[in-house]
Each structure stands twice: as C-alpha cells, then as structure tokens.
Amino acid sequence: MSPWLTIVGIGEDGYPGLGKTARHALLHATRIFGSPRQLALLPHCIRATQVAWPSPFSLEPVLAVRGEPVCVLASGDPMLFGVGASLARQVPQAELLIHPAPSSLSLAAARLGWPLQDVVTLSVVARPVAALNAQLANGVRLLVLSNDGHSPAAIAHLLRERGYGASLMTVLEHLGGPQEQRRDGTAATWPEPPVADLNVLAIDCRADLHAPRLSRLAGLPDSAFSHDGQITKRDVRAITLARLAPQPGELLWDVGAGSGSIGIEWMRAHPSCRTLAIESDEGRQRLIEHNRDALGVPGLQLIRGRAPQALESLERPDAIFIGGGVTRDGVFDTCWRQLKPGGRLVANAVTLQSEMALAHWREQHGGELTRIHVAQAQPLGAFDTWRQALPITLLELVKPLDVSP
C-alpha cells in the first residue's frame, strides 16, 4: 500500500509553524486524530473529521480506518517518547509518513545552551519519577519530559531525599509558543505549587557532600540495598553479573531474588535491560520493591511465587540467575528448558548440598565451575587479620544454539 497514515508533529506555535507538506496532509485528510489541545490548534479551513483519543488511550481507532487518508497529531517530534513510535511498531513503514516538528527537548537545549548529545534525556509521562535515581551523578545534566504540572515538585523532593538538594532546576513551560515561560531554582528550595502541565524540566545535578556515589558498573556496596542478610554480596555479585553479561534489550530471570540485587544491577547496566524477579517471601518482596525504586529501575517486574511453579508461564529469558532453590526439584530443569538458545545460566551455591547439585548439572550439560573465596581485613585485638567469607561455588552454562526448549 502507498502511505495512508501521516503523523504530523505540531508545536505550541500551532498550524502556522507547520511546513508545506504537513499542511497539505492535514488539508487532504478525511480524519485527524489527536488530543483536544492539539486539535484546538487547527484552523477552521481543516474540514476533516476530528477525533480525540479515547480514554483509556488506544490506537485501535486509527488502525480501524486503514487505507483512508488519515493524520495523527503529535507534540513536537512524534518519534521521541511520542505516539509515532507506537504507531511505527504496528503500521508498515511503506504505509507511514512522519513530519516532525522540533521536539520540546531540542527547544529546551537551545534555550539553555546545552549540547543535546551531552545531556541525559528521559520521560516521566505515565512513568514513575523513581527512574531518575539511576541517572543521578554529580555534574550530570538531565532533560525530563514532565507528566504534568506537579512533576517538578515531585522530582525536587526526590532530589532532596537522594542528597541532590543543591541541584539547579529550570522549568520551561509552553516551549515555542506565545505563553513560553521559564522558572529557575534549586531542588532544596523548589516551591510546591504546580507549574503549567506542558513543561520540560532541566536539572544540573549537584551532589551534596554525603550523597551516595553509585556506579553503573556491577558491584554496588551492600549498603545500597535494604536486605535481611539474603543478598549476593558485593564482590560475588560483580563476578556473577560479569558472567551473566547483560546486553541491551535482554531479559533476566532472577530466581530466588532475595533483595533483588542481581536483577537490579542487571537493569542498571542498560536502560533497555529487563528483569523478572521471582521471590516467594513476602518480606523480601517488599525489599525488592523498595530497592528497585531507590536504585532507579522501577520497571523491574516482581513475580510473587515459588519456583518452579511460578516460572511456567513467564516470557522466555536471555539469561537466568539462580540464587535460591538450586536443590529444589524442577527448578534447574524448568530454567534450562525455558532459557533461549544461546542464553546464559549462572547459579551460585554455598552449601555442600547445593554445590553437589551444581556438579550434577555440570555432568549433564557441561559448563564451568568456579570457586570464589573472599576475605576482608578485620580487627583482631590490637592488630588486623583476614576474615574469610563462606566460599561460593558458581556454575556458568551457555545453552547451545541447536538445543530446542
């Protein structure tokens, strides 16, 4: 089919700010979809039927008129956290035309004089503000698409809690339109009254003296997590994650997740990494929920259940970590069956029984066994000595590409 769907990015300057091809598409469309605010920007000369998005939001009304000359209005650049990305996943490229306007992030960078390639950009539109926690570091600049007028105050509160109260904040409202306005302040003194719903928040992160310095590399300090002692310790965690080798877009099963430390650090490795954390203990489930928000990965999905029963209907993973339940009947077999070909499986053992289970699995499927010994210097009277932690046995397996599930 020739293109029937045109997505038009429109800014606060409305119809006058559109190019010739975008105007032509709107003039010749039979239907135009958009939010009430966007539709109100169109002049009376547009004769197409105007359709506001349904609530809850759905693309079905657009897909139902496939083949008609249809336009969809989007704010700024439709492919930047916009409806264009959603439609492009469902409409073949040959049937789609996109006319972007300058994004609000581009306009914000221009107003501030910030090189856009040096800025971390993210959105809290219908997303938890806790996602910012993964990006906080001294000197980092953030551009955030706000969900509404309350977002800047909520983010200022988050920054204060995380030790970034000195951060400089700028709210840019109605960018590119006649009502454009700028507000400046710091997270420590940001006022509670909301700003305009249509705003972009710029943050120049300034860490307080006691703010935690948390690397994006594997091996966060144990103190970064709330836990009840059931946590893969820092040095072993770094080794384990190196063996799991997270790649962009991959899914991890963290089986017997405990405090969630492995799955959380997996997701911190790249914004597109995903985790299903399987945990049956209610207290540890609450710890996982706390830790995922505090460390900036609120998208981590908690599976409340006990392996292997809780694993059966889950999306097949690219990698699996078994931190608990290695001796339980059916856990390894289910994990190995569900693991994608070429996927990695890492299991840790601390008891003789669990170590024997790893050795048995290695006999069946190959892989590499590694013994990890970690000792820390601790006081002994007036001197110091090495205190040996319990040794950990680690099994690493890669599922052959020619093995079917």
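Residues are numbered from 1 along each chain as its sequence is written, and side-chain values use heavy atoms, with hydrogens and water left out. Because the model is predicted, local features need pLDDT of at least 70 and side-chain atom pairs count only at pLDDT 80 or more, whereas totals for chains, interfaces and linings use all residues.

The domain assignment, whose bounds come from an automatic or database source, divides the chain into domain 1 (5-102), domain 2 (105-205) and domain 3 (222-399). Taken over C-alpha atoms, the centres of domain 1 and domain 3 are separated by 45 Å. In the UniProt record, an unreviewed entry, the feature "domain: Tetrapyrrole methylase" is placed at residues 5-188; such positions are given in the numbering used here, feature names are shortened, and annotations may be inferred rather than shown by experiment. Over residues 5-188 the chain is 23% helix and 24% strand, with its end C-alpha atoms 47 Å apart; helices (H or I, at least four residues) and strands (E, at least two) are DSSP runs numbered from the N terminus.

When residues up to four places away in sequence are not counted, the contacts of Leu252 (heavy atoms within 4.5 Å) include Leu244, Ile262, Trp266, Leu276 and Phe321.

In helix H6 (residues 151-161), the residues Ser151, Pro152, Ala153, Ile155, Ala156, Leu158 and Leu159 are buried, where buried means under 20% relative accessible area, exposed over 50% and partly exposed in between (1.4 Å probe, protein chains only). These buried residues pack against strand S7 (141-145), strand S8 (168-173) and strand S10 (199-204), and H6 is followed by Gly163, whose phi is positive, near 85°.

Four aromatic pairs are present in the structure; rings of Phe, Tyr and Trp (its six-membered ring) pair if their centres lie within 6.5 Å, and planes under 30 degrees apart count as stacked, over 60 as edge-to-face and the rest as tilted. The rings of Phe332 and Trp336 are stacked, because their centres are 6.0 Å apart and their planes lie at 10°. Both residues lie in helix H10 (residues 331-338), four residues apart, about one turn of the helix. Phe332 is buried at a relative accessible area of 2%, and Trp336 also counts as buried at 11%. The rings of Phe332 and Trp361, with centres 3.9 Å apart and planes at 20°, are likewise stacked. Since Phe332 lies in helix H10 and Trp361 in helix H11 (residues 352-365), this pair ties together parts that are 29 residues apart in sequence; Trp361 is buried, with a relative accessible area of 7%. Lys399 lies over the face of Trp336, at 5.9 Å from the ring centre, the criterion being NZ of Lys or CZ of Arg within 6 Å of the ring centre and within 35 degrees of the ring normal. Elsewhere, Phe33, Trp53 and Phe57 form one aromatic cluster.
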